[in-house]
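Reader: I would like to learn how to read a model like this one. Could you walk me through a few features, please?

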Amino acid sequence: MYNQTEIIKDTSELGAEGELVINMGPQHPATHGVLHLVVTLNGETIKKIEPHLGYIHRSIEKMCESLTYRQFIYVTSRMDYLSSHINNLGCALLVEKGMAIEVPDRAKYIRVILSELTRIASHELWLGAMAMDLGAFTPFFYAFREREMITDIMEDTCGARLTMNYIVPGGLMYDIHPDFQKKVKAFITQFKSKVTEYEDLVTNNVIFQSRTKGVGILSAEDAISYGCTGPVARASGVSCDIRKLYPYEVYDKVEFDEVLETAGDSFARYIVRVKEMNQSIRIIEQLIDNIPEGDFVGKTKNVLKLPKGEFYTRVETARGEFGVYIVSEGGTTPHRIKFRSPGFSNLSVLNHIAAGSKIGDLMASMGTLDLVIPDIDR
Amino acid sequence: MTNEEIKEYISSIAPAATFDETGEWLNMIVESAQLKPTMAALRTGKMQMNYLFCLTCVDFKTHLTMVYHLSATTHRQSIVIKANLNREQAMIETVCDIWRTAEFLEREVFEMFGVDFTNHPDLRKLILEEENPKGFDEKKGYWPLRKDFEDPINMIKL
């Protein structure tokens, strides 16, 4: 007989304290790729998140050790495929720094304009996909409407819509399309008239705000300690924009603001990215009419050989600080190459910001980290 | 803070440290046993290097070198710390209690180079499969980014 007033609390079959382990991914719609999270739950509360990586690991660092300094740039487009142009730029800058190659002004201007277009395209995709993770389907179509214009511009000029491979050490592969300036201006007009729609549709949406405000809070100290960069760190108030701190190309000639928020929650990360798109438009507006005439590529030797030593460059991609570290022995191929990818560090903070929250909030926390899996696995 | 002042400060913590100023940033090579106290002193005190932005390892065929790129969000000065390791018995103390980002980065170095990080809270493979492929020489170790790594199935030599 059992005591009718006593509640039986036997959780021995469920494991310690009623823990439940679930696998999210590798084929989960919200992980945007093949990220595998092993989530330990207590009821609906997350106790621990453990990422399992490697589903799209191609060992790019090893591959690059047998590619020449002209060839290895193409591989980097396949890492963070949404900011492939900026990845290419980082690698080209390193080779130019190591060999003291002079880059013509025309190439510098075009590189910056295309970098900012890439940043907008990346943030547009993130906006649509993140809203879709949270259950809003319409923003996806709004965001892709503008993104389509950018990919068309890229297709005209670079010949590809996603993996551009347009930058070579010394400048650009070929000159811009004759319609480039006209099309970019048309895009700016279109974007400016439509960006308020995002505010009406997403930013001012009550459901969106209540699902993201106060969710996944990251403090400034933790952001630095975890090595977070880009919009993730700037939403916590950490000033980390490489374009401002260590200006490359013509970023020191243009006026723009580093977007900073202090709340550190998912909504702040959203706001930072939306405001960053407007800053990118501001940069493009200053440069598009002033592209200097002249060569689009500087004079380089046929065979590039980096002098013996160590080189490091960093650029600001849509996700944060992208660093390239090369150890050269003086030959035509690098001895060791290391890519400091922003996604890798941003992923490592996921357990810290999501542990203790409900599993439904994981979508908001993870979505606003803006993870691109090939960038993490490399 | 000038490089001279940093050198003086480092020499007071790790007297055996050697310096190299040929590159972009100040490089210093410390003994692997001295690494942890040096790093702890750089994080606190007057340097306040709170941002570890790159942690990796390089195989120089005769030895391995751990490379730590440090910076600070206050004064924005970057320095590079290096420690040479024995190839057969690669062992160094973890820094992931100083910078949390090191936890994942050290796990990556562990599986790619076979460097054993002592006192690491969770030293497992991160990217590769947990079990090595069948038929692989276990004594040699399965460390893909080492220079003597050979994979007859998946690797194409150029």
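Author: Gladly! Let us begin with one residue: Asn204(A) has 10 other C-beta atoms within 10 Å, and because a residue with 12 or fewer counts as exposed, Asn204(A) is exposed. Keep in mind that this is a predicted model.

Reader: Where along chain A does Asn204(A) sit?

Author: Asn204(A) belongs to the loop between helix H6 (180-203) and helix H7 (206-212) of chain A. For a sense of distance, take Asp241(A), which is 37 residues away along the chain: the C-alpha atoms of Asn204(A) and Asp241(A) are separated by 27 Å.

Reader: Which residues does Lys358(A) contact, leaving aside its neighbours within four places in sequence?

Author: With those neighbours left aside, Lys358(A) is in contact with Glu44(A) and Thr45(A). Glu329(A), on the other hand, is 29 residues from Lys358(A) in sequence, and their C-alpha atoms are 51 Å apart.

Reader: Now the whole of chain A. How does its radius of gyration agree with that of a compact globule?

Author: A compact globule of 378 residues would have a radius near 21 Å; chain A has 23 Å, so the two agree. The C-alpha trace of chain A spans about 95 × 50 × 35 Å along its principal axes. Chain A holds 15 helices and 8 strands, and 48% of its 378 residues count as buried. Contacts tell you about the fold too: among those in chain A with a separation of 6 or more, 70% join residues 24 or more positions apart.

Reader: Let us turn to chain B. How should I read a sheet?

Author: Strands of a sheet pair through backbone hydrogen bonds, and the pairing can be parallel or antiparallel. In chain B, 5 strands form an open sheet in the order S1-S2-S5-S4-S3, with mixed pairing. Its edge strands are strand S1 (18-20) and S3 of chain B, each of which pairs on one side only. On average, neighbouring strands of this sheet are turned by 20° against each other, direction ignored.

Reader: How many bridges join S1(B) to strand S2 of chain B?

Author: There are 3 bridges between S1(B) and strand S2 (residues 26-30) of chain B, and the two run antiparallel. One pairing you can look up is Phe19(B), whose bridge partner in S2(B) is Met28(B). Elsewhere on the sheet, H3(B) lies across S3 and S4 of chain B and runs at about 5° to S3(B).

Reader: How many residues does each chain give to the contact?

Author: Chain B gives 25 residues and chain A gives 27 residues. On the side of chain B that touches chain A, strand S3 (51-59) and helix H3 (102-113) of chain B are the elements that give two or more residues. S3(B) provides the largest share, 7 residues. By type, that side of chain B divides into 13 nonpolar, 7 polar and 5 charged residues.

Reader: Where in chain B is confidence lowest, and where is it highest?

Author: Chain B averages a pLDDT of 82, and 92% of its residues score at least 70. Helix H1 (residues 3-13) of chain B has the lowest mean, 77, while strand S4 (residues 64-71) of chain B has the highest, 90. The model as a whole scores ipTM 0.88 and pTM 0.86.

Notes. Residues are numbered from 1 along each chain as its sequence is written. Chains are lettered from A and ligands numbered from 1 in the order in which they are written. This is a predicted model: local features need pLDDT of at least 70, side-chain atom pairs count only at pLDDT 80 or more; totals for chains, interfaces and linings use all residues. pLDDT is the predictor's confidence in each residue, from 0 to 100. Helices (H or I, at least four residues) and strands (E, at least two) are DSSP runs, numbered from the N terminus. Two residues are in contact if their C-beta atoms, placed from the backbone, lie within 7 Å. Ala, Val, Leu, Ile, Met, Phe, Trp, Tyr, Cys and Pro count as nonpolar, Asp, Glu, Lys and Arg as charged, and the others, Gly among them, as polar. Two strands pair if DSSP finds at least two bridges between them. Axes are lines fitted to C-alpha atoms, for helices over the stretch in contact, and angles run from 0 to 180 degrees between N-to-C directions. A residue is buried if 20 or more other C-beta atoms lie within 10 Å of its own, exposed if 12 or fewer, and partly exposed in between; C-beta atoms are placed from the backbone. The radius of gyration is taken over C-alpha atoms; the globule rule is 2.2 Å times the number of residues to the power 0.38.
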